[in-house]
Amino acid sequence: MVDMVDENERIVMRWPAYEGGTQTTVEWTFTPRSHDTTFVTVTNTGFSGDQESTAKQAIAATEGFTLVLAGM
């Protein structure tokens with residue numbers, strides 16, 4: 001679910017967590033660069049559980065966002 005859009009700057013959304021049934025917050029930040037290019041930063045926060053569980057969720061989340069960026 002998208003919570004906020006700042007056109008050409010960022011998108012903030014909620015994303016289903018991999019464990020625990022909670023949602024995490026994902027922020028996509030778009031930074032203009034030279035030669036009509038854009039640097040994209042994806043920050044995913046709000047994982048829950050113990051340290052090992054949180055680390056597994058964060059690592060698993062990186063795979064999906066990489067594919068989304070490649071598809072763009």
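How many bridges join strand E2 to strand E3? Counting along the pair gives seven, with E2 covering residues 10–16 and E3 covering residues 23–33, and the two strands run antiparallel. Keep in mind as we go that this is a predicted model.

Let's zoom in on that pairing for a moment. Met13 stands opposite Val26 in E3. Val12 has a bridge partner in E3 too, and that partner is Glu27. If you find these residues in the picture, you can trace how E2 and E3 line up.

Now step back to the whole chain. The four strands form an open sheet, in the order E1-E2-E3-E4, with antiparallel pairing. E1 (2–6) and E4 (37–45) stand at the edges with a single partner strand each, so one side of each is left without a neighbour in the sheet. The sheet also twists, by an average of 20° from one strand to the next.

What about the helix? H1 takes up residues 51–71 and lies across E2, E3 and E4. Compared with the direction of E4, H1 runs at about 155°.

Next, go to the start of the chain. E1 and E2 pair in the antiparallel sense, over four bridges. One place to look is Asp6, which stands opposite Arg10 in E2. The hairpin made by E1 and E2 has three residues between the strands, and Asn8 is found in this loop. Most residues other than glycine have a negative phi. Is Asn8 buried or exposed? Exposed is the cut-off for anything over 50% relative accessible area, and Asn8 counts as exposed because its relative accessibility is 65%.

There's a second residue of this kind further along. His35 sits in the loop between E3 and E4, and His35 has a positive phi of about 60° despite not being a glycine. With a relative accessibility of 74%, His35 counts as exposed.

Back in strand E2, have a look at Trp15. At a relative accessible area of 30%, Trp15 is partly exposed. Which residues does Trp15 touch, leaving aside those up to four places away in sequence? The list is Thr22, Gln23, Thr24, Val26 and Phe65. You have already met Val26, the residue in E3 that Met13 stands opposite. Trp15 and Met1 are 14 residues apart in sequence, and their C-alpha atoms are 7.0 Å apart in space.

Finally, some figures for the chain as a whole. The C-alpha atoms fill a box of roughly 45 × 20 × 20 Å, taken along the principal axes. Of the 72 residues, 17% count as buried. The accessible surface comes to about 5,300 Å², and carbon and sulfur atoms account for 56% of that. As for charge, there are 4 positive and 10 negative side chains, and the centres of these two sets lie 2 Å apart. And if you take contacts between residues at least 6 apart in sequence, 16% of them join residues at least 24 apart.

Terms used
Residues numbered from 1 in each chain as written. Predicted model: local features only at pLDDT ≥ 70, side-chain atom pairs only at ≥ 80, totals over all residues. Heavy atoms only, no water. Pairing = 2+ DSSP bridges. Axes fitted to C-alpha atoms, helices over the stretch in contact; angles between N-to-C directions. Contact = heavy atoms within 4.5 Å. Buried < 20%, exposed > 50% of the residue type's maximum accessible area, 1.4 Å probe, protein only. Areas by Shrake-Rupley, 256 points an atom, 1.4 Å probe, with all protein chains shown as cover. Lys, Arg positive; Asp, Glu negative; His and termini not counted. Charge placed at Lys NZ, Arg CZ, Asp CG, Glu CD.
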